[in-house]
Amino acid sequence: MEMICPACNKVNLQAAHCSRCGADLQPLAQIRRSAALALNTGTQYLKQNDGRNALRQAELSWHLKQTADAARLAFLACLLLQRFTSATRWYKRAVARSE
């Protein structure tokens with residue numbers, strides 16, 4: 001998994017510490033794993049037509065790592081819940097992250 005060091009902006013591949021400055025990258029990797037887990041859990045909730053929990057998981061994933069996938073999941077959950085104003089906001093975020 002490619003990570004950019006928050007201390008020096010060096011791109012690191014699969015490293016526990018930055019190869020340039022030695023910063024600990026493990027907390028960053030854990031945040032990414034947590035965001036992916038929330039996204040997967042939210043997807044399962046959406047497949048079960050549980051929009052409320054799908055949206056909660058999408059929001060959690062978004063707060064951890066603002067990805068287009070998290071925004072898309074939130075968009076779909078909002079549609080399921082018929083929250084069209086919120087769906088529009090999430091759609092815009094998804095498009096912005098996809099560019």
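Two residues are in contact when they have heavy atoms within 4.5 Å of each other. Keep in mind that you're looking at a predicted model, where local features need pLDDT of at least 70, side-chain atom pairs count only at pLDDT 80 or more, and totals for chains, interfaces and linings use all residues. Numbering starts from 1 along each chain as its sequence is written, and side-chain values use heavy atoms, with hydrogens and water left out.

**Stop one: leucine 55.** Select leucine 55 and look past its neighbours within four places in sequence: it is in contact with Ala74, Ala77, Cys78, Leu81, Arg83 and Trp90.

**Stop two: the core.** Leu55 and Trp90 have the most contacts inside the largest nonpolar core, which has 15 residues. (Such a core is a set of buried Ala, Val, Leu, Ile, Met, Phe, Trp, Tyr and Cys residues joined through side-chain atoms within 4.5 Å; buried means under 20% relative accessible area, exposed over 50%, partly exposed in between, with a 1.4 Å probe and protein chains only.)

**Stop three: two tryptophans.** Now show tryptophan 62 and tryptophan 90, an edge-to-face aromatic pair with 5.5 Å centre to centre and 90 degrees between the planes. (Rings of Phe, Tyr and Trp, using its six-membered ring, pair if their centres lie within 6.5 Å; planes under 30 degrees apart are stacked, over 60 edge-to-face, the rest tilted.) Tryptophan 62 is buried at 7% relative accessibility, and tryptophan 90 is buried at 4%.

**Stop four: another pair.** Phenylalanine 75 and tyrosine 91 make a tilted pair, 5.6 Å centre to centre with 55 degrees between the planes. Phenylalanine 75 is partly exposed at 22%, and tyrosine 91 is partly exposed at 46%.
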